[in-house]
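Please look at the sequence and the model first.

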Amino acid sequence: MLMKILFALIALTVIVPVVLYYKTGKRKGKECLLMNAISFFSVLGVAVICTLGGGVTALAAGETTGLTVGEGLKLIGAALSTGLSCVGGGVAVASAASAAIGALGEHERIMSKTLIFVALAEGIALYGLVISILILNS
């Protein structure tokens with residue numbers, strides 16, 4: 001029953017701002033987007049807390065899952081190293097590629113130099129992947 005209510009609230013957080021956006025004649029777009037983001041993430045946070053709350057009672061009852069704290073932290077570390085390096089690589093590639101395209105518009109013969117900079121930015125994500133593989137295999 002609680003899950004149905006939470007899914008309905010999540011659906012309403014998307015539907016209500018869209019309806020308000022079209023009812024106001026598309027004049028209050030930023031306000032509707034802000035209302036949509038705040039309400040969606042707040043309801044999503046409540047949903048996560050409510051669904052994960054049952055796991056605490058199961059652990060308190062003495063049920064074991066076979067996963068220790070060290071193994072859990074190892075998995076979190078691997079996920080963070082991969083995820084954050086990919087985000088950083090994406091930001092770096094975005095800025096390097098846009099600068100490379102602008103430079104190619106002025107001088108066409110520097111294409112090989114600009115490709116090197118874009119490839120170096122992509123290497124950041126690969127380094128994060130290598131680190132996560134090392135963490136998982138340790």
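The model is predicted. The protein contains 4 helices and 0 strands, and along the sequence the pattern reads α-α-α-α. Of the 138 residues in the protein, 17% are buried. Among contacts with a separation of 6 or more, 66% are between residues 24 or more positions apart.

Helix H3 covers residues 69-106 and helix H4 covers residues 111-137. H3 consists of 38 residues and spans 55 Å from its first C-alpha to its last, close to the 56 Å expected at 1.5 Å a residue.

Two packed helices are described by the angle between their axes and the distance between the axes. The axes of H3 and H4 come within 8 Å and cross at roughly 175°. Because angles over 145 degrees count as roughly antiparallel, H3 is roughly antiparallel to H4. The residues of the contact of H3 with H4 comprise 20 nonpolar, 8 polar and 2 charged.

The buried residues of H3 are Gly72, Ala78, Ser81, Ser85, Gly89, Ala92, Ala96 and Ala100. H4 is included in what covers these buried residues. An α-helix has 3.6 residues a turn, so residues three or four places apart point the same way.

Serine 81 and threonine 82 can be compared directly. Serine 81 is found in H3, and threonine 82 also lies in H3. Which atoms does each touch, and how are they classed? The table gives the values for the two side chains.

| Residue | Relative accessibility | Distance from a polar side-chain atom to the backbone oxygen of alanine 78 |
|---|---|---|
| Serine 81 | 17% | 3.0 Å |
| Threonine 82 | 22% | 3.1 Å |

Serine 81 counts as buried because its relative accessibility is 17% and the cut-off for buried is under 20%. Threonine 82, at 22%, counts as partly exposed.

Not counting residues up to four places away in sequence, serine 81 touches Gly128, Ile131, Ser132 and Ile135. Threonine 82 and valine 130 are 48 residues apart in sequence, and their C-alpha atoms are 8.4 Å apart in space.

Key: Residues numbered from 1 in each chain as written. Predicted model: local features only at pLDDT ≥ 70, side-chain atom pairs only at ≥ 80, totals over all residues. Heavy atoms only, no water. Axes fitted to C-alpha atoms, helices over the stretch in contact; angles between N-to-C directions. Helix = DSSP H or I, 4+ residues; strand = E, 2+ residues; numbered from the N terminus. Parallel < 35°, antiparallel > 145°, perpendicular 65-115°, else oblique. Nonpolar A, V, L, I, M, F, W, Y, C, P; charged D, E, K, R; others polar. Buried < 20%, exposed > 50% of the residue type's maximum accessible area, 1.4 Å probe, protein only. Polar contact = N/O pair within 3.5 Å; in protein donor to acceptor, adjacent residues only side chain to side chain. Contact = heavy atoms within 4.5 Å. Expected span 1.5 Å × (residues − 1).
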